[in-house]
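Here is a short tour of a protein model, with a look at its pocket and its aromatic rings. Have the structure open as you read.

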Amino acid sequence: MSESVVFDIMQLREIIPHRYPFLLLDKVIEFVDNEKCVGIKCVTINEGFFQGHFPQRPVMPGVLIMEAMAQTAAVFAKKSSDGVEDGKTMMLVGVEDFKWKKMVVPGDVLRIEMRSNKKRRPLWSLSGEVTVDGKLVARGIISAMEVD
């Protein structure tokens with residue numbers, strides 16, 4: 001089964017300011033204006049964080065899964081027709097009701113789906129779920145703010 005690519009890695013680098021080693025999205029495969037965005041992160045053993053987390057049992061840190069969700073939310077906010085203006089950046093300002101359900105290990109492909117909850121500029125609230133092979137890995141609510 002082939003996935004369409006809405007935004008590839010080069011386009012993502014134009015949309016959000018993150019760079020190696022902190023760009024945690026590889027592509028966006030679905031985008032519904034002002035509704036949702038689905039990002040993909042392919043996790044490999046070459047990720048720098050696996051050197052220390054943990055050398056004998058590599059596990060992706062939960063906060064980096066959360067960050068991948070925030071980056072997907074930022075892409076959503078920047079590309080929506082009623083989204084963030086050019087020149088502004090989205091900054092993570094809070095999380096709620098976060099749960100981690102399963103460890104993420106090298107070889108996993110994260111499917112990150114973020115949906116708009118509400119927007120009261122400059123604040124945004126988005127709900128998200130991360131799955132691997134259809135199994136829930138993490139879920140929660142991300143709050144972000146537009147900044148100059």
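## Pocket and aromatic rings

The largest pocket holds about 260 Å³ of space. It is lined by 15 residues, and those closest to its centre are Tyr20, Pro21, Leu23, Lys41 and Glu47. Sorted by class, this lining consists of eight nonpolar, three polar and four charged residues. Do keep in mind that this is a predicted model.

Now to the rings. A pair of aromatic rings is described by the distance of the centres and the angle of the planes. The structure has five aromatic pairs by the rule used here. Two of these pairs are set out below.

| Pair | Centre to centre | Angle between planes | Class |
|---|---|---|---|
| Phe76 and Trp124 | 6.3 Å | 90° | edge-to-face |
| Phe98 and Trp100 | 5.1 Å | 40° | tilted |

Why is the pair of Phe76 and Trp124 called edge-to-face? The planes of the two rings stand at 90°, and an angle over 60 degrees counts as edge-to-face. Phe76 belongs to helix α2 (residues 62–79) and Trp124 to strand β5 (residues 123–132), so their pairing ties together parts that lie 48 residues apart in sequence. Phe76 is buried, at a relative accessible area of 1%, and Trp124 is buried as well, at 3%.

Are Phe98 and Trp100 buried or partly exposed? Phe98 counts as buried, with 13% relative accessibility, because the cut-off for buried is under 20%. Trp100, at 41% relative accessibility, counts as partly exposed.

Finally, back to Phe76 and Trp124: ring pairs link them with Phe7 and Phe31 into a cluster.

Definitions and conventions:
Residues are numbered from 1 along each chain as its sequence is written. This is a predicted model: local features need pLDDT of at least 70, side-chain atom pairs count only at pLDDT 80 or more; totals for chains, interfaces and linings use all residues. Side-chain values use heavy atoms; hydrogens and water are left out. On a 1 Å grid over the protein atoms alone, a cavity is a set of points where a 1.4 Å probe fits but cannot get out, and a pocket is an open set with protein on both sides within 12 Å along at least five of seven lines; lining residues have an atom within 4 Å of a point. Grid points are joined across faces, edges and corners, and a volume is the space filled by probe spheres set on the points. Ala, Val, Leu, Ile, Met, Phe, Trp, Tyr, Cys and Pro count as nonpolar, Asp, Glu, Lys and Arg as charged, and the others, Gly among them, as polar. Rings of Phe, Tyr and Trp (its six-membered ring) pair if their centres lie within 6.5 Å; planes under 30 degrees apart count as stacked, over 60 as edge-to-face and the rest as tilted. Helices (H or I, at least four residues) and strands (E, at least two) are DSSP runs, numbered from the N terminus. Buried means under 20% relative accessible area, exposed over 50%, partly exposed in between (1.4 Å probe, protein chains only).
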